[in-house]
Amino acid sequence: MAFQRSHRLNLLRLIVLLLVALAGIKFLFRDSFTLELHKHVSKDSGFWGDTGDIDQDTGPQSQALELPVVKITAPRQEPGQQVPRDTSTTEMRLVHLDLKGAAPRISYLEQVFPLLSQLGANGILIEYEDMFPFKGELEILKSPYAYSEKDIERIQQLADLHKLEVVPLVQTFGHVEFILKHEKYQHLREVERFPNSFNPHVPDTLALLKSILSQVIEKHRRSTWIHIGADEVFHLGEGMDSKNWMSHNKGDMGTMYLKHIKEVLSFITTQFWGLRVLMWDDMLRKISVGALQESGIAKHVSPVVWFYAPDFEAEQIGPFLTKYVESGFEAVWFASAFKGTTGPAQTWTPLSYHLKNHLSWLKVMQSLPRLAPLRFQGIVLTGWQRYDHYSVLCELLPVGIPSLAICLQTLVNGGFTEETKRKVLDTLGFQSMQLEQSTCEGRGVFPGAEIYHMVEQVNGHLKESILKALEEERLHEDWESFVRDLRTHLERVYFPDMVEEWMEENINPYLDQLRDLVRDYRAIIRLNARPKVM
């Protein structure tokens, strides 16, 4: 008995020793991996430079912001959290949700996400702007109707459920009116009277961006991509700080632009390991191959080549792609449009226009790698809601869904055939469609179909009928009833500020005329043909 007890104790000791040894091996390998990762991040010192080598530009005195920066060294997984999907070998089809205007309620997104997945999307690019629940020093940036942190989590749960990769978009250079409109941040403007672009020479600019990026990325821990915008940096080079910088750097605005982009990429790369980065490409088109090569950004970001015209040839895109290959980029994304590019006040989506844009992009995809030896990673189907923060609203998302369905299915099937058309009609609950007239016949069963039909009535009949029969009181009653119903449907999908804005832009200018004339008509009737008392 004593021998057996001793044998068991020895066996137990052996097991404990093995476990300790395994733990030690795991610890050593972990340290080795971390060291290699640090080497990988820092080995390109010619790109990032040492901390002490960063040029300190002379400019206005920095106004202390003391913005907190969250350092995240590795993705963590919460209990029950879905492991991020490996999209490295999958061509992505991201649907762009532009929330700087007409941001939908979460209840509407719950209906839309299953449709996006059914139509062939496998991701969403979310441009939050002021709809993100910024907190602390940044709370001033959020809209009164901004999503809550719970809403952001719900969006990602819905995306996981329907196999949609979530890619947040944070503008980091231009299109930052929602930030620079505030007096608190006016000193960060490139040109004092314009709130659209950052001054890249003021230290507080990068400090602010680090805080914004940290808050957004921290709430998107499932995401494997982030988009830093960086398009259309209007008035860059017109500020005094930029003029001073260029006078000492041979007037090279491209290098000045890249310097800021490198700083943003450096922060993301060092603070959020493994997170891949996208940026719009239009500013890169103007920069020389030499400057792009010297910057080294090609190792850390993929350009998204955008082109929204209905008819173009692959050869028109070829020069951009050739430049990016020569500059060191290995992968590329494209960007098409399913709505929001045919006029800043467009209310009705032209179907044929956007279909042709996607057919043109298919020709570009089919021409790779003949055009350029680049790895095609995905396409963003943009759906702009405003041209900028201060612009009026473009087509509402429910109005653009038929176009989105056509465009997605065209990409999935490599063209728009009768079979593709039938799939779109069946999915949306229509009987037929007329592409050139941009009309769909049938009741429609997709989310927001009621709004689609009612906006169609506003777009096609409200203005005409009022001009034809202003004196008919019956017409007034019909349209007042119709507008009440339309408002009810809009309030189910959108927040009150958007409803009022859309009504003011598209209904009230015409209906108010009718109301005024009906009021005058009733006054005349009450007078019984007698003149008014002066």
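Modeller: Happy to! Let's begin with a definition: buried means under 20% relative accessible area, and exposed means over 50%, with partly exposed in between. Keep in mind that this is a predicted model.

Biologist: Thanks. Why is His175 called buried?

Modeller: The relative accessible area of His175 is 10%, and the cut-off for buried is under 20%, so His175 counts as buried. His175 sits in the loop between E3 and helix H5 (177-180), and its phi is positive, about 55°, although it is not a glycine.

Biologist: And what makes His235 partly exposed?

Modeller: Its relative accessibility is 24%. You'll find His235 in the loop between strand E6 (225-227) and helix H7 (240-247), with a positive phi near 70°.

Biologist: How do you know that the span of helix H4 agrees with its number of residues?

Modeller: H4 (residues 149-161) has 13 residues, and at 1.5 Å a residue they should span 18 Å. The end C-alpha atoms are 19 Å apart, which agrees. The buried residues of H4, including Ile152, Ile155 and Leu158, pack against helix H3 (106-119), strand E2 (123-127) and strand E3 (165-169). Just after H4, Lys163 has a positive phi of about 55°.

Biologist: What makes the peptide bond between Leu368 and Pro369 cis?

Modeller: Its omega is about 0°. Pro369 belongs to the loop between helix H11 (351-367) and strand E10 (375-383).

Conventions. Residues numbered from 1 in each chain as written. Predicted model: local features only at pLDDT ≥ 70, side-chain atom pairs only at ≥ 80, totals over all residues. Heavy atoms only, no water. Helix = DSSP H or I, 4+ residues; strand = E, 2+ residues; numbered from the N terminus. Expected span 1.5 Å × (residues − 1). Buried < 20%, exposed > 50% of the residue type's maximum accessible area, 1.4 Å probe, protein only. Contact = heavy atoms within 4.5 Å.
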